[in-house]
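Please read the report below alongside the sequence and the three-dimensional view.

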Amino acid sequence: MTLIDSHCHLDAAVYDTDREAVIRRALDAGVECMVAIGSGDGPPDLEAGLRLAAAYDFIYATAGVHPHD
C-alpha cells in the first residue's frame, strides 16, 4: 500500500525551524508522496508549494480556490 499525504502545509511558518525533520519523520513513517498545498502566508507567497516540489522529488504542489472563497 502506498501512503500519500494528500493535503499538507509544509510551508507553514510553524515548520520553519524543523521542516526537514518533519519531512524525514513522514518518510520514516512510510509516507511515500506528499501534496503541498502551498498557501504560504497567504496570497503574497502562493508559490511556497512549488518551491517544496522543486526541492523534493516526492513532494507535489497543487493550487486551487477554497470553496468558501
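## Two contacts across the chain

Glycine 64 belongs to the segment that follows strand 3; helices (H or I, at least four residues) and strands (E, at least two) are DSSP runs, numbered from the N terminus. With a relative accessible area of 70%, glycine 64 is exposed, where exposed means over 50% relative accessible area, buried under 20% and partly exposed in between (1.4 Å probe, protein chains only). Although glycine 64 and isoleucine 37 are 27 residues apart along the chain, 8.6 Å separates their C-alpha atoms.

Aspartate 11 is placed in the loop between strand 1 and helix 1. Its relative accessibility is 12%, so aspartate 11 counts as buried. Aspartate 11 and glycine 38 are likewise 27 residues apart in sequence, and the distance from C-alpha to C-alpha is 6.1 Å.

## Basis of the values

The model is a predicted one, in which local features need pLDDT of at least 70 and side-chain atom pairs count only at pLDDT 80 or more, while totals for chains, interfaces and linings use all residues. Residues are numbered from 1 along each chain as its sequence is written, and side-chain values use heavy atoms, with hydrogens and water left out.

An open sheet is formed by 3 strands in the order 1-2-3, with parallel pairing; two strands pair if DSSP finds at least two bridges between them. Strand 1 and strand 3 (59-61) are the edge strands, each pairing on one side only. From one strand to the next, the twist averages 20 degrees. Angles run from 0 to 180 degrees between N-to-C directions, and axes are lines fitted to C-alpha atoms, for helices over the stretch in contact.

Strand 1 (residues 3-8) and strand 2 (residues 31-36) are joined in the parallel sense over 4 bridges. Isoleucine 4 has cysteine 33 in strand 2 as its bridge partner, and cysteine 8 has alanine 36 in strand 2.

## The helices and the sheet

A right-handed β-α-β unit is made by strand 1, helix 1 (residues 19-28) and strand 2. A crossover is right-handed if, with the strands pointing away from the viewer, the path from the first strand over the helix to the second runs clockwise.

Helix 1 lies across strand 2 and strand 3, and runs at about 135 degrees to strand 2. Helix 2 (residues 48-55) packs on the sheet and touches strand 2 and strand 3; contact means heavy atoms within 4.5 Å. The direction of helix 2 makes about 150 degrees with that of strand 3.

## Salt bridges

How many salt bridges does the structure hold? There are 2, a salt bridge being a side-chain nitrogen of Lys or Arg within 4 Å of a carboxyl oxygen of Asp or Glu. One joins the side chains of arginine 19 and aspartate 16, at 2.7 Å from N to O. Aspartate 16 has 52% relative accessibility and therefore counts as exposed.

Another salt bridge joins the side chains of arginine 24 and aspartate 28, at 3.5 Å from N to O. Both residues lie in helix 1, 4 residues apart, which is about one turn of the helix. Arginine 24 counts as partly exposed because its relative accessibility is 45%, whereas aspartate 28, at 58%, counts as exposed.

## An aromatic pair

The count of aromatic pairs comes to 1. Tyrosine 56 and phenylalanine 58 form this tilted pair, at 5.5 Å centre to centre and with 55 degrees between the planes. Rings of Phe, Tyr and Trp (its six-membered ring) pair if their centres lie within 6.5 Å; planes under 30 degrees apart count as stacked, over 60 as edge-to-face and the rest as tilted. Tyrosine 56 and phenylalanine 58 are both buried.
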